Amino acid sequence: MRFFKISIIAMCLGFCFFISNAAAADLIKIGVIDLQKILSTSDSGKEAQSKITAKGKEMQADLQKKAADIQEDQQRYERESTVMSEDARTEKERELKIKKLDFDDLETKYKSDFSTYNQTLVNQFKKDVLAVVEQIGKKEGYTLVLEKSSGGVVYAPSTIDLTDQVIQQLNENFAKTSKKASE
C-alpha cells in the first residue's frame, strides 16, 4: 500500500512538472538577431554601406583637392616671396591663412555632415530591420527578440537565431522597393 501511495505521488509530481514545463514553453518564445550580420549581408545593408562609403570618398576627394590647391599656393608664395614687395607678401600670407582656416572649417563641416548622413542611413536601416523583426515576431509568436551584441546575449543556440530569416525578408522587401522605384 505504501508503495502504491508513493507511486501515485511520484506520478502526480511528474505530471505537474511536465505540465508546468509544457505551459512555460508555450508562454515564452525567445529569438535573437545579429544586427551587424544583417547590415553586412542584406541587400539594403550593403546598399546603405555603399552609399556611406561613396559619400565619404566624395568628401575626401574634395578635401584632398582643396588641400593640394592650398599647398600649391603655399609653394608658389615661397618661390615668389623674395621678389615681392612687403605689402604683397603680407597680403599673400593673409590670403593663405584665410584659405587654411576655410579648409579647416570645411573639414569640420564635412565631418559633421558625414556623421549626420551616416546616422540617418543607419537609423533608417534599423527601422526597416525592426519592422521585419516585429512582423516575424508577431507571425511566429515570439515573446521576446533580442539583438545579439547590444542585448547582452552571451550565448544563444542557433535554433533561436532569426538573423537569416530577417535577412531573407529584408532582401524581399528591398527587392520590391527597388522594383517600384525603377518603374
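# Reading the helices and cores of a predicted model

Read along the sequence, the chain runs α-β-α-α-α-β-α.

User: How many helices and strands is that, and what kind of model am I looking at?

Analyst: You're looking at a predicted model. The protein chain has five helices and two strands.

User: How many residues are there, and what percentage of them is buried?

Analyst: There are 183 residues in the protein chain, and buried ones make up 22% of them. For contacts, look at sequence separation: of those with a separation of 6 or more, 84% are between residues 24 or more positions apart.

User: Let's take the helices. How do I check the span of H3 against its residue count?

Analyst: Go by 1.5 Å a residue. The 38 residues of H3 should then span 56 Å, and its end C-alpha atoms sit 55 Å apart, which agrees. H5 has 20 residues and reaches 28 Å from its first C-alpha to its last, close to the 28 Å expected.

User: And what happens just after H4?

Analyst: Gly 141 sits there, with a positive phi of about 75°.

User: Now packing. What two quantities describe a pair of packed helices?

Analyst: The general idea is that you give the angle between their axes and the distance between the axes. Here, H3 and H4 pack at about 175° with their axes 10 Å apart. An angle over 145 counts as roughly antiparallel, and H3 and H4 are therefore roughly antiparallel to each other. By class, their contact has 16 nonpolar, five polar and 12 charged residues.

User: At what angle do H3 and H5 cross?

Analyst: Their axes cross at roughly 65° and come within 7 Å. That makes H3 roughly perpendicular to H5. This contact has two nonpolar, two polar and two charged residues.

User: Which residues meet there?

Analyst: From H3 you have Asp 43, Ser 44 and Glu 47; from H5, Leu 170, Asn 171 and Phe 174.

User: Why would residues three or four places apart on a helix point the same way?

Analyst: An α-helix has 3.6 residues a turn, so residues at that spacing point the same way. Have that in mind when you go through the buried residues of H3: Ser 44, Gly 45, Ala 48, Ile 52, Met 59, Leu 63, Ile 70, Asp 73 and Tyr 77. What covers them includes H2, H4 and H5.

User: Which residues of H5 are buried, and what do they pack against?

Analyst: The buried residues of H5 are Thr 163, Val 166, Ile 167, Gln 169, Leu 170 and Asn 171. They pack against strand E1, H2, H3 and H4.

User: What about H4?

Analyst: Its buried residues include Lys 92, Leu 96, Phe 103, Leu 106, Phe 125 and Val 129. Among what covers the buried residues of H4 are E1, H2, H3, strand E2 and H5.

User: Last topic: cores. Which residues have the most contacts inside the largest nonpolar core?

Analyst: In general, nonpolar side chains of soluble globular proteins tend to be buried together. The largest nonpolar core here has 14 residues, and those with the most contacts inside it are Ile 33, Ile 38, Phe 125, Val 129, Val 166 and Leu 170. H2, H4 and H5 each supply at least two residues of this core, and the largest share, five residues, comes from H4. Apart from this core lies another, of six residues, including Leu 63, Ile 70, Phe 103 and Leu 106.

User: What is Ile 33 in contact with, beyond its neighbours in sequence?

Analyst: Leaving aside neighbours within four places, the contacts of Ile 33 include Ile 38, Val 129, Val 133, Val 145, Leu 146 and Val 166. Charged residues are on the list too, among them Glu 147, Lys 148 and Asp 161.

Methods: Residues numbered from 1 in each chain as written. Predicted model: local features only at pLDDT ≥ 70, side-chain atom pairs only at ≥ 80, totals over all residues. Heavy atoms only, no water. Core = buried A, V, L, I, M, F, W, Y, C linked by side-chain atoms within 4.5 Å. Buried < 20%, exposed > 50% of the residue type's maximum accessible area, 1.4 Å probe, protein only. Helix = DSSP H or I, 4+ residues; strand = E, 2+ residues; numbered from the N terminus. Contact = heavy atoms within 4.5 Å. Expected span 1.5 Å × (residues − 1). Axes fitted to C-alpha atoms, helices over the stretch in contact; angles between N-to-C directions. Parallel < 35°, antiparallel > 145°, perpendicular 65-115°, else oblique.
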